[in-house]
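User: I am new to this structure. Please show it, and then I will ask how some of its descriptions are reached.

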Amino acid sequence: MKNKKTKSTKSKVHTTKDSAVVKISSKGRIKELISTKKNSSAKQPSQTVSAPATNLMISVSGIRGIVGDGLTPEVVTKYASAFGTWANGGKIVIGRDSRVSGEMVRMAVVAGLLATGCRVIDIGIVSTPTTEIAVKNLKAYGGIAITASHNPVNWNALKLIGPKGLFLDQAQGNEVIELALKENIQYQHWDRLGKIEYYDHAIQNHIDQILELEYLNVSQIRDRRFKVVIDCVNGAGGIFIPKLLREMGCEVLILNEEPHGIFPRNPEPVAENLNQLANAVIEYKADIGLAVDPDVDRLAIVDENGQPIGEEYTLALAVDFILSRKPGAVVINASTSMAIDDIAQKYGCTVFRTKIGEINVSTKMHEKNAVIGGEGNGGVILPEIHYGRDAATGIALVLQYLSASGKKISELKQTLPQYTMIKTKIDLAKVNVDQILQKIINKNDAKKVDRTDGVKLIYDHAWIHFRKSNTEPILRTIVEARTQQEAEKLLSSFTLFFK
Ligand code: MG
């Protein structure tokens with residue numbers, strides 16, 4: 001049975017064999033809507049389109065869904081096969097976080113890659129940046145990181161990585177999606193199937209690369225014998241970060257070390273999820289508390305008093321440290337704290353802002369030859385290691401900064417520009433978001449409206465940013481001001497638009 005397509009002026013709707021409806025928006029955003037009704041038919045796309053859109057999201061940044069309800073082995077194998085076809089049966093590195101579903105998804109990925117003739121190098125349970133770096137180090141054609149990052153335990157995803165070790169860009173991602181949608185997959189016969197190999201040194205290679213950084217004086221860090229509490233949330237960090245810390249001479253207390261994927265709390269490393277870490281820092285009289293997300297690309301810090309310093313300050317610390325050593329361009333996303341602008345100004349450096357999404361920041365960093373960049377959610381990107389967010393690199397830079405300054409982490413934070421940020425989410429099912437955003441633009445009193453990604457209204461020493469999430473069906477609203485009170489006041493002035 002061939003795929004049936006219905007043309008529309010705004011979007012194309014593809015129906016597929018398994019009663020799925022795939023909608024390609026005019027902006028290239030793709031959602032595959034899986035009908036939950038057994039008898040819903042490909043002949044009735046209008047019924048299927050109204051099914052919940054939340055269970056499987058296909059975008060250039062990856063294939064993300066709820067395990068067993070959207071993200072099935074069939075879907076995983078289809079996209080892995082499409083990726084294997086796109087890679088022309090080349091060498092592909094795969095790594096995964098510790099999720100319970102990780103092994104099932106890994107097997108489906110491997111099946112798709114072997115079926116399309118790929119040579120698969122499995123590096124095991126690792127951080128996403130470790131997989132990206134291994135693609136480069138092992139001279140592979142690409143990679144697949146199996147992880148739903150900070151999303152809850154019932155989610156999993158494939159993040160597709162290109163030959164340079166970067167996530168696929170828009171054009172590359174669309175090519176893979178097209179191959180999958182058109183079922184234009186080059187399956188190989190028995191004598192041309194791929195082979196799988198296992199590589200155990202990817203984490204150590206990553207650690208070695210960090211310890212060799214020109215910015216680090218590892219013996220100086222070792223001399224400080226930092227007491228560190230690390231919360232690995234039972235993700236991939238447990239088999240990686242404690243090892244790195246010990247190599248830097250730290251005394252380490254590990255929380256949630258076992259990489260079994262049963263997260264003891266919401267795995268996003270934001271302040272409200274870090275109580276256990278904060279208490280442990282106080283009890284253990286530690287110098288610093290660290291938290292990483294399940295795939296270890298985001299880093300949050302708790303100071304020696306058990307106070308989370310705020311995820312935005314992870315990048316702010318790293319930027320301040322790097323610019324003090326090597327002034328140059330900085331690239332951040334549209335939602336990142338203006339503390340970075342102030343820090344860059346102090347060193348006479350330029351800040352460039354991009355759309356949200358690691359690949360957008362990475363690409364711009366490359367273009368501007370930036371010395372550091374990242375995303376305010378705790379994602380530090382240092383080109384010397386890799387053009388991707390890496391919590392481990394962030395940890396090394398912060399410990400170096402601490403040891404060189406001789407200050408405590410709370411004191412170091414006080415030297416940085418002080419802002420407060422509030423992040424909220426609005427469920428898209430309840431509002432007509434495009435209409436609301438237009439009303440906001442029409443009625444705003446801002447100094448500047450920035451449309452880099454969604455709508456950002458910029459005032460003197462404050463801003464508010466509305467944007468649709470790339471990974472969840474929500475509208476993210478982020479507001480930043482000099483004080484909590486100012487931030488709350490600005491945020492509340494917009495609540496009437498969402499009633
Ligand atoms: Mg992550």
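User: In the hairpin of β14 and β15, which residue takes a positive phi?

Analyst: V296 does, near 60°, and six residues lie between the two strands of that hairpin. The model is predicted, so local features need pLDDT of at least 70 and side-chain atom pairs count only at pLDDT 80 or more, while totals for chains, interfaces and linings use all residues. Residues are numbered from 1 along each chain as its sequence is written. Strands are DSSP runs of E with at least two residues, and helices are runs of H or I with at least four, numbered from the N terminus.

User: What makes strand β14 mostly covered?

Analyst: A residue is buried if 20 or more other C-beta atoms lie within 10 Å of its own, exposed if 12 or fewer, and partly exposed in between, with C-beta atoms placed from the backbone. In β14 (residues 288-292), five of five residues are buried. I288, L290 and V292 cover one side, with G289 and A291 on the other.

User: How do you know that β14 pairs with β12 and with β15?

Analyst: Two strands pair if DSSP finds at least two bridges between them. β12 (residues 227-231) and β14 share four, in the parallel sense; V228 is bridged to I288. Four bridges also join β14 to β15 (residues 299-302), antiparallel, and there L290 has I301 as its partner.

User: Why are β13 and β15 at the edges?

Analyst: The open sheet has the order β13-β12-β14-β15. β13 (251-255) and β15 each have a single partner strand, so one side of each is left without a neighbour in the sheet.
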